[in-house]
Amino acid sequence: RFDDGDDCRTMSWDAYADNLVAGGNCAAAAVLGLDGSTYAAKKITVSAEEGSKLAKQFDNSDTIFSEGVRLGGMKYLGIRADDRSIYAKKGQAGCACVRAGGCILVGVYDENIQPGNCNVAVENLGDFLQKNAGGGGGGGGGGGGSSAPAAKKKEASKPPKPVEEAPKPNIA
């Protein structure tokens, strides 16, 4: 039985954050609501202030370059931004943030992970969520047409589908 309580929503989003980290392409990951609230996180804590600011930066990318991106108490220098993706780095660490399917995906990499692998993993998951946004819900419009929080929707939710991993490069 599925209901519209926080536990059901959290369990669904946890699988996506877990997938990004378990695939070895992200050192930490989070799934945020379009308002910046944290739906799930693995190995990172995104404060309410950090999440809210990141969510607003998708609509005003100028601040990414002037103020950077803050996640988990770390400030990253903005290196690329558009209305879907934000990339930022600090030394050999960095993050990839993608707005898709009614949420914001955050992948963080460290010096042991190739930035491109993190970016591809987060972008692929974003593509998957965008493609499946509202799946089974009558196909109205594009992703994210409603501003109501996910917990208030009255439709039955389904467990998350497994996400295909990004192909791993052949490194000899």
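Select R99 to begin: at 24% relative accessibility, R99 counts as partly exposed, because that class sits between buried (under 20% relative accessible area) and exposed (over 50%), using a 1.4 Å probe and protein chains only. R99 and D59 form a salt bridge, and their closest N and O atoms are 3.2 Å apart. The term means a side-chain nitrogen of Lys or Arg within 4 Å of a carboxyl oxygen of Asp or Glu. R99 is in strand β6 and D59 in the loop between α2 and α3, so this pair links distant parts of the chain, 40 residues apart. Helices here are DSSP runs of H or I with at least four residues, strands are runs of E with at least two, and both are numbered from the N terminus.

A word on what you're looking at: this is a predicted model, where local features need pLDDT of at least 70, side-chain atom pairs count only at pLDDT 80 or more, and totals for chains, interfaces and linings use all residues. Residues are numbered from 1 along each chain as its sequence is written, and side-chain values use heavy atoms, with hydrogens and water left out.

How many salt bridges does the structure hold? There are six. Select K42 and D18 for another one, at 3.7 Å from N to O. K42 belongs to strand β2 and D18 to helix α1, so the pair ties together parts 24 residues apart in sequence. K42 is partly exposed at 31%, and D18 is partly exposed too, at 33%.

Next, pick E67 and K53, whose side chains meet at 2.1 Å, N to O. Since E67 lies in helix α3 (residues 62–67) and K53 in helix α2, this bridge ties together parts 14 residues apart in sequence. E67 has a relative accessible area of 37%, which makes it partly exposed; K53 is partly exposed, also with 37%.

Then select R84, E123 and D127 together: salt bridges link these residues in a network.

Step along to K43, in the loop between β2 (38–42) and α2 (48–57). The phi of K43 is near 65 degrees, a positive value in a residue other than glycine. Most residues other than glycine have a negative phi. K43 is exposed, with a relative accessible area of 66%.

**Aromatic rings**

Now show the side chains of W13 and Y16. Both lie in helix α1 (residues 6–22), three residues apart, about one turn of the helix. Are they buried or exposed? Both W13 and Y16 are buried.

Rings of Phe, Tyr and Trp (its six-membered ring) pair if their centres lie within 6.5 Å; planes under 30 degrees apart are stacked, over 60 edge-to-face, and the rest tilted. By this rule there are two aromatic pairs. The ring centres of W13 and Y16 are 5.8 Å apart and their planes are at 50 degrees, so this pair is tilted.

Zoom in on L105. Leaving aside neighbours within four places in sequence, L105 is in contact (heavy atoms within 4.5 Å) with A30, V31, A96, C97, V98, V122, L125, G126 and L129.

**Last stop: α4, then the whole chain**

Select α4, which has 17 residues and spans 24 Å from its first C-alpha to its last, close to the 24 Å expected at 1.5 Å a residue (1.5 Å times one less than the number of residues). Among its buried residues are C118, N119, V122 and E123.

Finally, zoom out. The chain has four helices and seven strands, and 38% of its 172 residues count as buried.
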